[in-house]
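Subject: Structure for you to look over

Dear colleague,

Please read them with the model open beside you.

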Amino acid sequence: MLRTFNCGIGAVLICSEKDKDKVLQMLKEESPMVIGAVNSRYNDQLNVEVQNFDRSIETEMRKYVPHIVSKLAAPLKRVGVLISGSGTNLQSLINATRDPTQHIGAEIVLVISNKPDVEGLKRAERAGIKTVVIRHNQYVNREAFDSAMTVELDAAGVEIVCLAGFMRILSAQFVNRWKGALINVHPSLLPSFKGAQAHKDVLAAGVRVTGCTVHFVAIDIDSGAIIEQETVPVLPNDTENILQERVKKVEHKAFPRALKHLATGRIQLKDDGKIQWNY
């Protein structure tokens, strides 16, 4: 970015060679730098040769706008994704984190499924992402299952956990362990229509608008602080399946956007459960 865009050389003053030292002395408090010369070349056409471009951009920019440089150099946050099925939201996160134009600030390093042989695992494998299957029915209780997941997440150095169609209720122990770094996408406009039957409940209520919500996970189901929402219309002849597919399309937009907010430090969860926005 610093080598491509006009990121801050600022004012350029052109003077004759004989006046150079005098001009530099007059501007010494502004830390002036000679960055090039205007020379005659090719049939007496004038051309500008910038001799100290890299040094003037990279040194001076780092002094005046260090926040830009720190963001460009910041390591990517390591993300673990929990799934139970086809993994369409997982795919949207894979696509977004690998698209350099979106600047998500994160990379997916681990995908955990509580079910074997689901399409989401194949999506991760095709992307070269490590996968682990941890079957919930092989553990004596929810806490033991969640602890097994935490062992894998910690071993992979995961910093943020995304629930992408993970069909298990998490223990208080797990939620507290990952507080402020655990986000979920829900197929309704929370706080309305919580729970696993959101589309059915939306249609039964006769509302004309629904959508999706990406939120921090709290101990109470679907109650954490809201990060992002997207809306879709509810049409007269909608079925649950038709509505579900319409909502999925906006989930694939909202989820990566919310992950970017968290991974780049734009948001953080405060002790009182509310979001602090860092603009």
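A crossover is called right-handed if, with the strands pointing away from the viewer, the path from the first strand over the helix to the second runs clockwise. Helices (H or I, at least four residues) and strands (E, at least two) are DSSP runs numbered from the N terminus. In those terms, S4, helix H5 (residues 119-126) and S5 make a right-handed β-α-β unit.

Before the details, a word on the source: this is a predicted model, in which local features need pLDDT of at least 70 and side-chain atom pairs count only at pLDDT 80 or more, while totals for chains, interfaces and linings use all residues. Residues are numbered from 1 along each chain as its sequence is written, and side-chain values use heavy atoms, with hydrogens and water left out.

Confidence and overall make-up

The average pLDDT (the predictor's confidence in each residue, from 0 to 100) is 89 for the chain, and 85% of the residues score at least 70. Over residues 62-70, however, the pLDDT is below 50, and this stretch has 7 contacts in the model beyond near neighbours in sequence, a contact meaning heavy atoms within 4.5 Å. Where pLDDT is low, the predicted coordinates should not be read in detail.

The secondary structure comes to 9 helices and 11 strands. Of the 279 residues in the chain, 38% are buried, where buried means under 20% relative accessible area, exposed over 50% and partly exposed in between, with a 1.4 Å probe and protein chains only. Among contacts with a separation of 6 or more, 60% are between residues 24 or more positions apart.

The sheet and its helices

An open sheet is formed by 7 strands in the order S5-S4-S3-S6-S7-S8-S9, with mixed pairing; two strands are taken to pair if DSSP finds at least two bridges between them. S5 and strand S9 (226-233) stand at the edges with a single partner strand each, so one side of each is left without a neighbour in the sheet. From one strand to the next, the twist averages 20°; for angles such as this, axes are lines fitted to C-alpha atoms, for helices over the stretch in contact, and the values run from 0 to 180 degrees between N-to-C directions.

Strand S3 (residues 77-83) runs parallel to S4, joined to it by 7 bridges, and Gly80 stands opposite Leu110 in S4. Helix H4 (residues 88-97) packs on the sheet, where it touches S3, S4, strand S6 (160-163) and strand S7 (182-186), and its direction makes about 160° with that of S4. Helix H9 (residues 240-263) also packs on the sheet, touching S3, S4, S6, S7, strand S8 (209-216) and S9, and its direction makes about 155° with that of S9.

H4 is mostly covered, as 7 of its 10 residues are buried, among them Leu90, Leu93 and Ile94. The cover over these buried residues includes S3, S4, H5, S6, S7 and H9.

Aromatic pairs and two single residues

Rings of Phe, Tyr and Trp (its six-membered ring) pair if their centres lie within 6.5 Å, and planes under 30 degrees apart count as stacked, over 60 as edge-to-face and the rest as tilted; by this rule there are 3 aromatic pairs. Phe145 and Phe166 are stacked, at 6.4 Å centre to centre with 10° between the planes. This pair links distant parts of the chain, with Phe145 in helix H6 (residues 142-155) and Phe166, 21 residues apart from it, in the loop between S6 and helix H7 (172-177). Phe145 is buried at 3% relative accessibility, and Phe166 is buried at 8%. Phe174 and Trp178 form a tilted pair, 6.4 Å centre to centre and 45° between the planes, and both residues are buried. Ring pairs also link Tyr139, Phe145 and Phe166 into a cluster.

Asp146 lies in helix H6 and is buried, with a relative accessible area of 1%. Leaving out residues up to four places away in sequence, Asp146 touches Leu170, Ser171 and Phe174.

Leu235, by contrast, sits in the loop between S9 and H9 and is partly exposed at 40% relative accessibility. Beyond its neighbours within four places in sequence, Leu235 is in contact with Arg208 and Arg246.

Best regards
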